[in-house]
Amino acid sequence: MSALSMVTHSIGLTATIATSYADPFTVARQIASLDKISKGRAGWNAITSNPGGLANYSRSHLRKADLYPMKKEFLEIVEGLWDSYEDDAFIRDKKSGVFYDPGKMHPLHYTGNYFSVEGPLNISRSRQGRPVVFQAGTSMEFMDIAAQHAEVIMAPGDQFEYLKRFTAELKRKVQNQGRSPNDLLIMPSHSPIVGETEKEALEKLREIESWMPKGYRLPKPQLMGAAENVAEKIEHWYQEGVMDVLLIRQDYPAGFEDFIKLVVPILQDKGIFRKEYEEDTLRGNLGLPYPENRYKK
Ligand SMILES: Cc1cc2nc3c(=O)[nH]c(=O)nc-3n(C[C@H](O)[C@H](O)[C@H](O)COP(=O)(O)O)c2cc1C
């Protein structure tokens, strides 16, 4: 991610790190470092991952039921560490020799069931305040924590009706937390297959199937067909509030390029995909609010 940040200017850089198999202080430091290095373009995808890994990460005394309580502590700690210094804590006045205002440095003193972290972090806040927090999951427990801490949600994206219900429930929980429902973006993941025509898209699907064991049939993705039709579907999902961001997965080797060449220009004409980046931070380009430091008076 650091290497990518050196050869790009505008894209966001979001890394997945599971809260079940890492330590919050390390993660806070890694992602905040990336945020500095990339000048405010870092994100963290905080997922629990699956309990199978507990045995490989010295945590075999824990159970699946531990994963979400653990994740909650993890997020509270990382967010707390990212607020270690208020935005104006560093005075750096050569004349008076004052480097920083210790009153604006805040250790965390966190003691939990899974993690205990004294703080402070040794990194100040970034241009976007702090990295953007992504999360992925579907269960009620997931939603309860996401409603409080997530800014972008990765969701399974194959069924419109499911997404409508999921989004409505999640946004209701977000509001109960006193947050604006607009401050949480929904990012369904899709593997689109597009062509200039319906027939061409179908041929691509058949080609993918031909690489698989004999007789294997892939379910037709929702976003499949002629570019115009796919763009219309995306517009509909966007307007219905279930797709603020589209996460593209790809089975077809040329799929990314197909999508960029055939679908993106139509989305741009419709005014629902940008032609230029609006801002120079990930948070800014996602239209998410600047998070004030919790200690700001
Ligand atoms: C869209 C989506 C993407 C996910 N991506 C990952 C991933 O990259 N790595 C991973 O270990 N788990 C990933 N997960 C799994 C979650 O970490 C979690 O284990 C799973 O959602 C089960 O929890 P839940 O029943 O509470 O949703 C993903 C889940 C979803 C829904």
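Me: A residue is called buried when its relative accessible area is under 20%. The structure above is a predicted model. Which residues of H7 are buried?

Reply: In helix H7 (227-239), the buried residues are Ala227, Val230, Ala231, Ile234, Glu235 and Trp237.

Me: How do you know that the buried residues of H7 line one face of the helix?

Reply: Viewed along the axis of H7, the buried residues fall within an arc of 165°, so they line one face of the helix. An α-helix has 3.6 residues a turn, so residues three or four places apart point the same way.

Me: What do the buried residues of H7 pack against?

Reply: Their partners are helix H5 (160-176), strand S9, strand S10 (193-195), strand S11 (224-226) and helix H8.

Me: How do you know that the span of H7 agrees with its number of residues?

Reply: The expected span is 1.5 Å times one less than the number of residues. For the 13 residues of H7 this gives 18 Å, and the end C-alpha atoms are 18 Å apart, so the two values agree. After H7 comes glycine 241, which has a positive phi near 80°.

Me: Why is lysine 204 called buried?

Reply: The cut-off for a buried residue is under 20% relative accessible area. Lysine 204 has a value of 9%, and therefore it is buried. Lysine 204 belongs to helix H6 (residues 198-210). Leaving aside residues up to four places away in sequence, lysine 204 touches Ile193, Val194, Gly195, Tyr252 and Asp258.

Me: Which cavity does Lys204 line?

Reply: Lys204 lines the second largest cavity, together with Pro192, Ile193, Val194, Gln250, Tyr252, Gly255 and Asp258. The volume of this cavity is about 30 Å³. At least two of its lining residues come from S10, and at least two from H8. By class, the lining has 4 nonpolar, 2 polar and 2 charged residues.

Me: How many cavities of 30 Å³ or more are found in the whole structure?

Reply: The search finds 2. The largest cavity holds about 70 Å³ of space. Among the residues lining the largest cavity are Ala32, Asp35, Lys36, Trp82 and Arg125. Helix H2 (residues 24-37) gives the largest share of that lining, with 3 residues.

Me: What makes a pocket something other than a cavity?

Reply: A cavity is a set of points where a 1.4 Å probe fits but cannot get out, whereas a pocket is an open set. The largest pocket contains about 1,400 Å³ of space. Its lining has 37 residues, and those nearest its centre are Val245, Leu246, Phe273, Arg274 and Leu286. H8 provides the largest share of the lining, 6 residues. By class, 24 of the lining residues are nonpolar, 8 polar and 5 charged.

Me: Why is alanine 15 called buried?

Reply: Its relative accessible area is 18%, which is under the cut-off of 20%, and therefore alanine 15 is buried. Alanine 15 lies in strand S1, one of the elements that give two or more residues to the lining of the largest pocket.

Me: How far apart in sequence and in space are alanine 15 and tryptophan 44?

Reply: Alanine 15 and tryptophan 44 are separated by 29 residues in sequence, and their C-alpha atoms are 5.2 Å apart. Contact means heavy atoms within 4.5 Å. Trp44 is one of the residues that alanine 15 touches, along with Met1, Ile31, Gly43 and Asn45, when residues up to four places away in sequence are not counted.

Methods:
Residues numbered from 1 in each chain as written. Predicted model: local features only at pLDDT ≥ 70, side-chain atom pairs only at ≥ 80, totals over all residues. Heavy atoms only, no water. 1 Å grid on protein atoms, 1.4 Å probe; cavity = no way out; pocket = protein on both sides within 12 Å on 5 of 7 lines; lining within 4 Å. Points joined across faces, edges and corners; volume = space filled by probe spheres on them. Helix = DSSP H or I, 4+ residues; strand = E, 2+ residues; numbered from the N terminus. Nonpolar A, V, L, I, M, F, W, Y, C, P; charged D, E, K, R; others polar. Buried < 20%, exposed > 50% of the residue type's maximum accessible area, 1.4 Å probe, protein only. Arc of directions from axis to C-beta.
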